[in-house]
Amino acid sequence: RGAGTTLSCWGENSRGQLGDGTQTNRLTAVDVTLGASVSQADGGQEHACALLADNTVKCWGANDANQVGDNSFLDRSLPVSVSGIATATELTLGAQHGCALLSDGTVNCWGENSNGVT
């Protein structure tokens, strides 16, 4: 559920995939603070991302294949901006990658590319 600048998540959290700054599993929803209104959200295998109303994307969770998109390989328990995404209109995630449709009709992807998916 989204409410303004927050998104709520719950469940397994060993890699920070709930975005609440912890690695604590949650039986009830916790808020993920994103700083802008949420237009869309999606979840991967152990990461999640949100497309924000300002057309940027923030992700959090497992990051061993840069699936969080911040050009690092460090798990993130709080949302971080996906590098180079400023005009996204749609978002989709796979197990260890993400893609955004940009306003110019192109697609930008990040994360695992070992099998040619992204």
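These questions and answers look at the disulfides of a predicted model and at the strands around them. As this is a prediction, local features need pLDDT of at least 70 and side-chain atom pairs count only at pLDDT 80 or more, while totals for chains, interfaces and linings use all residues. Residues are numbered from 1 along each chain as its sequence is written, and side-chain values use heavy atoms, with hydrogens and water left out.

Reader: Hello! How many disulfides does the structure hold?

Author: Glad you asked! A disulfide here is a pair of cysteine sulfur atoms within 2.5 Å. C49 is joined to C59 with S to S 2.0 Å, and C99 to C109 with S to S 2.1 Å. The number of disulfides in the structure is two.

Reader: Which strands does the link of C49 and C59 tie together?

Author: Strands are DSSP runs of E with at least two residues, and helices are runs of H or I with at least four, numbered from the N terminus. The link of C49 and C59 is right-handed, with 105 degrees about the S-S bond. C49 and C59 are 10 residues apart in sequence, so the pair ties together strand β5 (residues 47-52) and strand β6 (residues 57-61).

Reader: Where does C9 stand, and how far away is the nearest cysteine sulfur?

Author: Taking the bonded cysteines of the chain in sequence order, the pairing is 1-2, 3-4. C9 is in no disulfide. Its relative accessibility is 12%, so C9 counts as buried. The nearest cysteine sulfur belongs to C49, at a distance of 11 Å.

Reader: What is the bridge partner of T92 in β9?

Author: Two strands pair if DSSP finds at least two bridges between them. Strand β8 (residues 88-93) pairs with β9 in the antiparallel sense over five bridges, and the two form a hairpin with three residues between them. Within β9, the partner of T92 is C99.

Conventions: Buried means under 20% relative accessible area, exposed over 50%, partly exposed in between (1.4 Å probe, protein chains only).
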